[in-house]
Amino acid sequence: MAEILAEELGEDVAITTSHETHPEIFEDDRFSTTVANTILAPIIRPYARDLDQRTTASGYEADVLLLHSGGGVMTPATAEKYAARLAASGIAAGAIASKYFASLCGHSNAIGLDMGGTSADISLAENGSLRMTDKWEVDWGHPICFPSVEVLTIGAGGGSISWIDKAGSLRNGPQSAGSVPGPACYKAGGFDPTNTDANIILGRVGTELAGGSMKLDREAAIEAMQKVAEPLGLDIIDAALATLRVANANMADAVRLISIARGHDPRDFALVAFGGAGPLHGVDIARELNVPMVIVPPNPGVTSAVGCMLVDVQHDVTQMFLKDAAEADPTDIEATFRKIEAEGRERLERDGVAEEDMTFQRFVDMRYRGQWRSLAVPVPGEIKSMKDAVSIFHDEYEKAHNFRREDFPVEIYRLTVRAIGVTPKPTFPKVEIDRNAQATPKGSREVWFHGQTKAVPTNLYDRDDLPAGVTINGPAIIDQLDSTTVIPPDATAYIDEWLNIQINVNTA
C-alpha cells in the first residue's frame with residue numbers, strides 16, 4: 001500500500017507505516033505513535049531539508065544533526081522518517097547536560113532541575129545512566145512509544161502564578177504569566193503575583209536582570225502580592241515566603257516521584273540546578289529532600305543547549321520476542337540480536353557513520369508472566385544464558401515497584417539494540433585552582449530566607465569575578481547574565497576547576 005501511495009502521490013508526500021514506525025503489539029500504542037509521526041512528518045520534512053540546504057550553502061561542511069528525545073541525534077533524512085522522535089527533545093538535552101556536569105564534579109548519581117520561566121523539568125541519572133521510558137506523551141494523553149529520556153515536567157517556573165483556590169488554600173502554578181506580559185515586576189502588563197515577584201520582594205533577586213539590560217519594579221511586585229497576602233491575613237514578606245515554599249514543595253514532590261517512587265534515595269544524589277530560575281530555588285529544594293550537594297553549571301540559562309553537543313547519533317531498534325525466560329534458547333536470542341544489530345548498522349551507515357565509530361548496546365525487556373508492563377535490562381556481549389539478566393530484572397523490578405517474586409516465571413517481551421554512532425565532543429576548559437583565592441563582594445543587601453525571623457545582610461557577588469578555588473559562606477547571592485544563584489545561611493559554595501558552583505547544603 002505504501003508503495004502504491006508513493007507512486008500515485010509523489011515524493012513530496014510523507015507516508016508513515018506502523019510496521020516501520022512502531023513494530024510492536026498493543027494496537028492503541030502502535031496506532032497513536034504512528035499518527036503522531038504522521039502529523040509531524042509534513043512539518044519536519046521541509047524544515048529539516050531547508051536547514052540542511054541553507055547550512056551547506058552558507059559554507060557549513062559538517063553534518064547537520066537533530067536531537068531526538070531518546071538522548072541522541074539523527075540526520076535530517078532520518079528525522080523525516082521518525083519525526084515524532086523530535087518531540088520533547090529540548091528537555092532531554094537538559095537531562096543529558098545535568099548528568100554531564102554532575103560527572104565532572106564526581107557524582108554518578110544526579111537529579112536534574114531545569115527551571116525556566118513556565119515549567120520545571122526533573123530528570124534522574126543513576127550510575128551515570130539516565131532513566132529511560134518507552135511510553136510518554138506531549139499532550140492530551142496520546143502515547144508516543146519511541147524510547148525517550150524520562151523527564152517529569154510540572155508547571156513551576158519564574159512566571160508561575162501564586163493564587164488562592166476555592167478552599168482558601170495557597171497554590172502555585174501551573175498557570176503562568178509567561179514572558180508576555182510576564183511577572184508584575186516587569187511592568188509589562190502583568191498583575192498577578194509570581195515566583196519572580198516573590199524573589200524580588202525577598203531581596204533574592206535585585207532590581208536588574210540580564211546584566212542590567214532589564215529593570216524590575218519591586219513596588220509593582222509588592223502590589224501584586226497583596227492578592228495573596230490580604231485573603232490569607234499575611235504581611236507581604238510572609239506571603240512571598242509562602243509563595244516560594246509552595247513552589248518548592250511542588251518541585252520537591254516531582255523529584256520524589258522520579259526518585260523515591262522509583263526506589264532511589266535522594267540522599268545518594270547531587271542536584272544539578274540550571275535554567276534561568278533553577279539556581280534560585282536549588283538549595284531550598286535540596287534541603288527539603290535531604291540532598292547533600294547542589295551543582296550550578298557555569299551558564300545555567302543555556303545548559304540545555306550544552307546538552308545538545310554531548311550526544312551521539314543514536315537509533316533504538318526493537319523486535320518482539322515473547323518467550324519464557326527459563327525456556328528461551330540463548331541461540332535464538334543471539335540470532336535475533338544479530339539481526340537487529342544489522343538493521344542498526346544499516347541505519348548508521350545511511351547516516352554516514354564510519355564502522356569504527358559504531359557501538360551497539362543490547363537490552364532485554366522482561367516482565368512477570370501475566371503482566372503487560374516490562375522493564376529493560378542491559379545485557380553485555382553474546383547471550384549464553386539468561387540467568388544473570390533475570391537476576392538483574394528481579395532487582396530492578398523491586399526498585400521500581402517495591403516487590404519481587406523470584407519463584408514466579410519471568411517472560412521475555414522484547415529485544416532492543418541501541419545503535420550508536422560516536423560523534424566528536426567539545427572539551428571544556430579546566431582552570432587551575434588557586435588555593436589562596438578570595439572573593440570580593442560587589443555590595444550587599446537585606447535578604448529574607450526560610451527559617452529566619454528577619455532579613456539577613458547578604459553579600460552580593462558577580463560570578464565572572466569568582467576565581468576557581470574560592471569558597472563562599474552563605475548567605476550570599478551570585479549574579480550573572482543568565483541566572484542568579486542563592487546560597488542560604490549555613491550553606492557553603494565552592495568554585496571548582498570547571499567553574500561550577502558546588503554548594504554544600506549541610507542537610508540534617
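Analyst: This is a predicted model.

User: What makes Arg-54 exposed?

Analyst: Arg-54 has a relative accessibility of 57%, and the cut-off for exposed is over 50%, so the label applies.

User: How do you know that Asp-50 forms a salt bridge with Arg-54?

Analyst: The closest N and O atoms of Asp-50 and Arg-54 are 3.3 Å apart. The criterion is within 4 Å, so the pair qualifies. The two residues stand four apart in helix α3, about one helical turn.

User: Why is the contact of Asp-365 with Arg-414 called a salt bridge?

Analyst: The N to O distance between their side chains is 2.7 Å, and the limit is 4 Å, so the pair counts. Asp-365 belongs to strand β16 and Arg-414 to strand β18, so the bridge ties together parts 49 residues apart in sequence. Shared partners join Glu-24, Asp-134, Asp-365 and Arg-414 into one network.

User: What makes Asp-365 and Arg-414 buried?

Analyst: Asp-365 has 3% relative accessibility and Arg-414 has a relative accessible area of 5%. Buried means under 20%, so both residues are buried.

Notes: Residues numbered from 1 in each chain as written. Predicted model: local features only at pLDDT ≥ 70, side-chain atom pairs only at ≥ 80, totals over all residues. Heavy atoms only, no water. Buried < 20%, exposed > 50% of the residue type's maximum accessible area, 1.4 Å probe, protein only.
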